[in-house]
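Me: I've got a structure to go through with you. Can we take it piece by piece?

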Amino acid sequence: MSVVRLNELMDKMRLTNLTPEIDPSRIKIRQPDINRPAIQLTGYFEHFAGERLQICGLVEHAYMDSMEEARKREIYSHLLSFPIPAVIFCRNLEPDQTFLEIARETGTAVLITRQATSSFMAEAIRWLNVRLAPFITVHGVLVDVYGIGLLITGESGIGKSEAALELIKRGHRLISDDVVEIRRVSEDTLIGTAPEITKHFIELRGIGIINVKSLFGVSSVRDTQNIDLVIELEDWDKDKEYDRLGVADNYKEYLGNRVVCHKLPIRPGRNLAIICEAAAANHRQKLMGYNAAEELYERVNAKWKNPQDLDED
Amino acid sequence: MLKKSVRISRADGLEARTFAKLVQVASKYDSRIYMETETKRVNAKSIMGMMSLEPARDEMITISAEGADEAAAVSEIEVFLTAAKN
């Protein structure tokens, strides 16, 4: 399971630690949700999501200011007894000494930022969602073809990297060769990246490792791309039926999200790169609302029903 | 499908060249072979995949193989990962 350490969040969001005796690299954040503890400060702790980051803005700070000292001690002790990874104060509103004292006792990190509460929350949730998204690695090549993220899969040695190389030579961009890390950031978005260690490299059997970025330039690579279309390469099987029209889409599932998938039979003489390019362009056209297979289907049907209509054209 | 967990105890560790050799060992077999650490699962016949596994010394790796020659594949890889010398 993915984990973000608090110091990573602090670096990303430029947070200052008000409890320096607590080491943020030892605190783990496991979920991207956050909570604003306004209602908990009034003493209502039913349904409290005490394992989330707690964000305090103007409202919480003003309410804390209005509390009696004894009440503060009672509420803060209760609030900070939950396994909260950190309490973050926005707009540079510093918490009172009682709060800091109890936080030190319970070992809860207290952080502060200059940013306004809503925009801080929006960015923190977005970033944590990406970092904590469910994650798998798949064996394949990810290329950006006309802005469509094309994942080419298939057995070792079937020619994925060669297809990718030709696509790059035709002006498309490589995200990752051989290993693609896929993160599910929402119900309809999968994001692919390369492992840091093999980024920009392609392995060509017989030649070895080549660096695409230094050979073909910065415009030939890209760091991340959505996964919009999958092409599965396989050896041509005479007895198998391949899609001839493309009216109904087939899908491949990754982390519970479905992606359109074409099975592509390999035969000597088939130019894979051009087929991949055509598949990506056709996918784009479908997204824009036109489906060539459907139009052909309709033309055939119309002719069948009213043979003269078409003849007169 | 055959699975086996192995602790990497190879004397010379797992540097780039060793990975290349390991990929060649795996590629001899027809079975589909995967290697897994706690966070990643990669095809053992893919050099880039194996490099990105970044296993630490003494880390546990799970080898899984599926196919006619799975038993031979798993045992040869196990020997490779735990070999005292090259």
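Me: Which residue is the bridge partner of A:Thr153 in β17(A)?
Reply: A:Glu232 is the bridge partner of A:Thr153. Bear in mind that this is a predicted model.

Me: In what sense do β10 and β17 of chain A pair, and over how many bridges?
Reply: They pair in the parallel sense, over 4 bridges. β10 covers residues 148-153 and β17 covers residues 229-235, both in chain A.

Me: What's the strand order of the open sheet in chain A?
Reply: The order is β11-β9-β10-β17-β19-β18. That's 6 strands, with mixed pairing.

Me: Which are the edge strands?
Reply: β11 (173-176) and β18 (251-254) of chain A. Each of them pairs on one side only.

Me: And the twist, what does it average from one strand to the next?
Reply: 35 degrees.

Me: OK, helices. Which strands does α7 of chain A lie across?
Reply: Helix α7 (residues 160-169) lies across β9 (141-145), β10, β11 and β17 of chain A. It runs at about 20 degrees to β9(A).

Me: What does α9 of chain A touch on the sheet?
Reply: Helix α9 (residues 272-287) touches β9, β10, β17 and β19 (257-266) of chain A. The direction of α9 makes about 135 degrees with that of β10(A).

Me: At what angle do α7(A) and α9(A) pack?
Reply: About 70 degrees, with the axes 8 Å apart. The two helices are therefore roughly perpendicular.

Me: Is that crossing left-handed or right-handed?
Reply: Right-handed, as α7(A) passes α9(A).

Me: Which residues meet there?
Reply: From α7(A), A:Ala163, A:Glu166 and A:Leu167. From α9(A), A:Leu272, A:Ala273, A:Cys276 and A:Glu277.

Me: How does that contact split by class?
Reply: It has 5 nonpolar and 2 charged residues, and no polar ones.

Me: Switching topic. How many residues of chain B are in contact with chain A?
Reply: 12 residues of chain B, and they contact 11 residues of chain A.

Me: Which elements of chain B each supply at least two residues to that side?
Reply: β3 (41-43) and α2 (47-52) of chain B. α2(B) gives the most, with 5 residues.

Me: What's the class make-up of the side of chain B that touches chain A?
Reply: It's 4 nonpolar, 4 polar and 4 charged residues.

Notes. Residues numbered from 1 in each chain as written. Chains lettered and ligands numbered in written order. Predicted model: local features only at pLDDT ≥ 70, side-chain atom pairs only at ≥ 80, totals over all residues. Contact = placed C-beta atoms within 7 Å. Nonpolar A, V, L, I, M, F, W, Y, C, P; charged D, E, K, R; others polar. Pairing = 2+ DSSP bridges. Axes fitted to C-alpha atoms, helices over the stretch in contact; angles between N-to-C directions. Parallel < 35°, antiparallel > 145°, perpendicular 65-115°, else oblique. Left-handed = near helix turned anticlockwise from the far one by under 90°.
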